[in-house]
Amino acid sequence: MATSVRAAGDGSAPPAAPVRGGSGRRRPPGRVGWRSTLHRLDLKAVPYVFVAPFFLTFAAFGLFPLIYTGWLSLHRVELGGQAQWKGTANYSSLATSEFFWNALANTFTIGLLSTVPQLLMALGLAQLLNYKLRGRGFFRVAVLAPYATSIAAATLVFAQLFNTDYGLINSVLGWAGFAPVDWESSKWPAQIAISTIVTWRWTGYNALIYLAAMQAVPRDLYEAAALDGASRRRQFLSVTVPSIRPTILFTAVVSTIGATQLFGEPLLFGGSVGISGGSGNQFQTLSLLMYEKGWVTGALGQASAIAWVMLLLLLLAGGLRILISRPRTKAGS
């Protein structure tokens, strides 16, 4: 008895009881480590497994074609032939090619003729749809209908409207006392016709983007402007446009990218001479020239060089957008 009391009061801790499971049996030491390892893998590895399909798809269909196209642009490659190293010769030939500069100028002018009216009309439509109109839900869906129409169907319809001999546009011009316009063989009329197709298809889409941005503008700004005596026009210019400026810049960049990649509309509008952009290359874009070089003449190296030039142009457009949207710091701050 004394021995037991001394053992309990000598300050030493009693031996730890063995860890037992719910059944009273000792839990194996390896089982705890195995579950801990699975828990760590679940927290660290599983998220990467979920996002892996995207990166694998991007690597297969985005990154690899980009790198391989850059490799082709430095070689002389023909369909069914072996690649021969040429260095920057493909880019040098583009710099001295009148077809390339013509396609670049056509891409710029068609893009300008389609982007500027498109965004201005979209801004006006969004302002109208932002009002409390009857049936505005129907109109919001209706403006998106051209975007849902296929490029082939829309282009074929407009090609009939702009037909030189029996098109509706020339018929209306004839009723108004004007001479018929050669919409297919003349440079500027053909580019205006193609720009009209692009504007018709994308105006409603951009209008809905602007409408979503307008509805996010705080109502307090309009109420304060109305108290100051600002008209609706002044509210639009001084409140709405500055508030949705980032959205306007975004749509401008996206429209520029679409104009640089313009392919289907001029191809179908030109019919049998659509690949060459008309009988005199009057509306041949960079995309059409790239297609012609790669799959008509078989010069895949030159086509790849054109593709990389288009990529550089798109990067330049994105860089300009970043510079324009960068916050301006006041002097002395």
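Which residues of α13 are buried? And please tell me what surrounds that helix, too.

Reply: Happy to. Bear in mind that this is a predicted model, so everything below is computed from it.

Let's start with the helix itself. α13 covers residues 245-260, which is 16 residues. From its first C-alpha to its last it reaches 23 Å, close to the 22 Å you'd expect at 1.5 Å a residue.

Now for your question: the buried residues of α13 are Thr247, Leu249, Thr251, Val253, Ser255, Ala259 and Thr260. As for what they pack against, there are the helices α5 (98-129), α10 (187-215), α15 (286-296) and α16 (300-325).

Take the α5 partner in more detail. Two packed helices are described by the angle between their axes and the distance between the axes. For α5 and α13, the angle is about 145 degrees and the axes are 9 Å apart. Their crossing is right-handed. On the α5 side, the residues at the meeting point are Thr107, Gly111, Thr115, Gln118, Leu119 and Leu123. They meet Ile248, Thr251, Ala252, Ser255, Ala259 and Thr260 of α13. Sorted by class, this contact has seven polar residues, five nonpolar and no charged ones. Thr251, Ser255, Ala259 and Thr260 turn up here and also in the list of buried α13 residues.

There's another helix pair to look at, α11 (residues 219-227) and α12 (residues 232-243). Their axes come within 10 Å and cross at roughly 160 degrees. With that angle, α11 is roughly antiparallel to α12. The crossing here is right-handed. Leu221, Tyr222, Ala225 and Ala226 make the contact from α11, and Gln235, Val239, Thr240 and Ser243 make it from α12. That set divides into five nonpolar, three polar and no charged residues.

Thr155 counts as buried because its relative accessibility is 0%. Leaving aside residues up to four places away in sequence, Thr155 touches Ile197, Glu265, Leu268 and Phe269.

And the wider setting? The protein has 16 helices and two strands, and 30% of its 333 residues count as buried. Among contacts between residues at least 6 apart in sequence, 65% join residues at least 24 apart.

Technical notes. Residues numbered from 1 in each chain as written. Predicted model: local features only at pLDDT ≥ 70, side-chain atom pairs only at ≥ 80, totals over all residues. Heavy atoms only, no water. Helix = DSSP H or I, 4+ residues; strand = E, 2+ residues; numbered from the N terminus. Expected span 1.5 Å × (residues − 1). Buried < 20%, exposed > 50% of the residue type's maximum accessible area, 1.4 Å probe, protein only. Contact = heavy atoms within 4.5 Å. Axes fitted to C-alpha atoms, helices over the stretch in contact; angles between N-to-C directions. Parallel < 35°, antiparallel > 145°, perpendicular 65-115°, else oblique. Left-handed = near helix turned anticlockwise from the far one by under 90°. Nonpolar A, V, L, I, M, F, W, Y, C, P; charged D, E, K, R; others polar.
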